[in-house]
Amino acid sequence: MTRMFALLLMLFTISICNGNMIRNSSFEENDGVNAVGYTFDNKAAKIDTSLSHTGKTSIRVESGGSFLTEPIKLNGVVNKQRRIVVSAWAKAEKVIPANQGWKAGRLLVWVKDKDGKGIKVDDSSNLGLMGDFSAAFGGTFEWKKFSGNFVLPSNTASVVIQGALASEYGTAWFDDFSLEEIPLEWAVDEDSSAQITINTSKSYKDPIIGVGWNWEFVWGPPYEMNASDDMINQFMKFAKWDQQSFIRFGYVSQYCMKNDLRRFEPELDDSEYSVFYRKVLSGLKELDITLLACNWFYGDMTTNYADPPYPNDRFVDSAAIVIKNWIDKYGYTNIKYASLWNEPCWSYKGNYPGDFYVYTIAFDKKLKELGIRDKVYVMGSDSTESGAAAEFRFPRYNRIMGDAVDAFAFHDYASEVEAPGKFSSGGTLDEFLKSYKNAAIDLGEKPLFMSEFGSGTKGDEANYRGTLGNAELVIGGLNNGVTAFARWAYNFMWNTSVGNCPFLIEDNKLKPKKPVFYPYSLLTKSIRPGMKSVKCNIDGGFDSAGYKRIHAASVADDNGLFALIIVNDGLAKKIIKINGKPDKKLYHYSYDSSLPDGLIDNKPIDRFTNEVEIKPMSVNALVSWKWDSLKPEY
């Protein structure tokens with residue numbers, strides 16, 4: 001079925017249903033202040049008669065603004081699941097995400113029961129939140145349509161659509177809302193094929209530093225600090241098998257001090273905390289994994305960024321002294337980067353980012369005084385402001401801090417899989433990731449990292465969808481100049497029921513959480529340090545709504561290593577024709593969540609074959625070397 005025919009069929013199917021159920025969908029019925037059928041949360045959202053997508057009116061939203069449709073009642077008896085298609089048009093101007101960057105510009109769907117109460121959807125903490133059909137949007141763009149389809153809970157009586165802007169800067173306009181009910185069995189038709197063209201003569205100048213996990217050990221006893229030697233050894237076995245090459249290692253410098261920093265100057269001590277850290281660091285050194293050492297707490301270890309009950313210089317001094325001790329005394333020379341503090345944007349009560357500049361520059365100075373500045377690079381940011389702000393934030397940070405910093409990183413939780421039946425706003429990451437590309441151009445030689453990202457969903461299916469989204473985030477990052485990636489979180493206490501953690505615990509032993517650990521290991525095993533991202537174009541692979549379902553990145557080095565990473569987040573298999581691949585056999589590994597063990601060693605592609613079948617909802621790695629083993633020992 002051609003895409004055009006499928007699109008016409010979809011439109012015909014929708015046309016024979018209820019049509020647009022939103023009254024005043026273009027806001028033309030208004031008194032200049034309020035629009036019929038809508039409520040405005042505050043004065044940051046208002047009617048705008050000077051700009052619109054159609055007609056004469058739109059809704060203009062400034063920072064912190066929000067508006068909602070009045071509850072849209074569904075037709076018929078409320079006793080069964082039903083599917084809706086929603087859409088809206090939006091325009092943005094200089095929208096820069098704030099602390100939680102993934103909450104920049106949003107278009108949300110809320111569901112209510114017959115009594116007008118929010119319905120619990122999955123494991124969402126926001127009662128009634130069905131989902132977001134725009135993901136997060138930022139930057140500047142002209143009118144753009146966002147759409148999604150949702151299967152509603154059986155007790156849904158009404159739906160509310162919300163437009164919002166959490167960005168600290170910028171303006172967004174919304175227009176032409178639509179909500180239509182369509183048959184439950186409806187699914188988006190998709191292209192059956194796609195074409196990937198690789199140009200190995202065009203690559204990013206910066207080599208890849210690595211792909212791995214955040215190893216966060218910042219909790220007090222009886223948690224990670226009380227982990228047995230056997231448990232640490234298990235971590236190392238998994239890390240060796242999945243070949244992590246970059247790790248963001250979270251620590252608390254105060255845990256390594258002999259005395260309370262509230263009363264004494266920093267003095268190292270071989271406490272139980274410090275010994276625990278060294279057990280882990282010794283294992284990582286043996287694996288020759290590049291580390292970003294990230295100090296976690298600013299204050300007194302009860303709240304991340306409460307004002308410290310000690311002189312400010314002890315904060316910088318303690319972190320720098322710990323790093324020196326690890327490098328010079330214990331020989332952890334694989335600590336190549338250091339971040340003074342984690343997420344100061346998140347809950348810091350001081351003068352952020354003013355203090356951020358001051359402390360980072362002081363950290364650089366202290367490392368020089370200690371004689372180790374030539375051994376460790378300083379991370380100039382490690383905050384959850386979102387990469388959509390990279391082109392706005394990083395160049396300014398760089399101008400102020402100059403040679404005091406060597407690299408920059410943001411945390412990104414912007415990846416959602418736009419698979420039919422959940423979300424279908426495909427390609428939402430593309431605009432978002434351009435900000436990294438523009439920042440990379442501006443910063444020149446200083447690399448960009450995604451030092452934390454992940455998925456906090458619950459349940460195997462949601463865990464896997466989150467991992468698909470994370471794979472797409474890594475693919476997009478590689479294609480836009482990012483050189484290091486660390487997914488959250490490699491420990492066994494970060495709520496093993498959710499997708500943040502790759503492990504389960506049975507009989508006090510670690511066990512891989514299959515839909516999280518194995519598909520992400522395809523990335524850590526295949527994207528090797530020293531490789532460079534090479535040009536990779538995709539043609540086709542769209543669904544009938546015009547959204548792309550094939551995502552790919554290719555990497556190579558001067559010694560002949562090559563890897564092509566492909567994600568198909570559609571519901572149909574694709575035959576992929578590969579142009580420009582190296583003239584050699586490629587081993588094809590993939591993850592299929594429908595199989596008991598998930599990982600598949602597919603038939604290799606010989607040097608003369610240029611086509612490969614990609615299963616639906618799958619992560620794939622085509623590499624020029626054969627794995628030693630398909631599964632880790634545990």
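The paragraphs below lead through a predicted model, beginning with a pair of helices and then turning to individual residues in loops.

Two packed helices are described by the angle between their axes and the distance between the axes. Here the pair consists of helix α6, spanning residues 354–369, and helix α7, spanning residues 390–401, whose axes come within 10 Å and cross at roughly 50°. Because of that angle, α6 is oblique to α7, and the crossing in which α6 passes α7 is right-handed. On the α6 side the contact is made by F356, Y357, T360 and I361, while α7 contributes R396, Y397, I400 and M401. Sorted by class, the residues in this contact are 6 nonpolar, 1 polar and 1 charged.

A further place to look is D592, which sits in the loop between β27 (587–591) and β28 (599–601). With a relative accessibility of 12%, D592 counts as buried, because the cut-off for that term is under 20%. The side chain of D592 makes a polar contact with the side chain of K615 at 3.4 Å, and, once neighbours within four places in sequence are set aside, D592 is in contact with G598, I600 and K615.

The backbone also deserves attention at several loop positions. W488 and A489 are joined by a cis peptide bond with omega of about -5°, and A489 belongs to the loop between β20 (482–487) and β21 (503–506). N24, although not a glycine, has a positive phi of about 60°; N24 lies in the loop between α1 (3–15) and β1 (38–40) and is buried, with a relative accessible area of 10%. Q243, likewise not a glycine, has a positive phi of about 55° and is found in the loop between α2 (229–242) and β14 (246–251), where Q243 is partly exposed at a relative accessible area of 29%.

Definitions and conventions: Residues numbered from 1 in each chain as written. Predicted model: local features only at pLDDT ≥ 70, side-chain atom pairs only at ≥ 80, totals over all residues. Heavy atoms only, no water. Axes fitted to C-alpha atoms, helices over the stretch in contact; angles between N-to-C directions. Helix = DSSP H or I, 4+ residues; strand = E, 2+ residues; numbered from the N terminus. Parallel < 35°, antiparallel > 145°, perpendicular 65-115°, else oblique. Left-handed = near helix turned anticlockwise from the far one by under 90°. Contact = heavy atoms within 4.5 Å. Nonpolar A, V, L, I, M, F, W, Y, C, P; charged D, E, K, R; others polar. Buried < 20%, exposed > 50% of the residue type's maximum accessible area, 1.4 Å probe, protein only. Polar contact = N/O pair within 3.5 Å; in protein donor to acceptor, adjacent residues only side chain to side chain.
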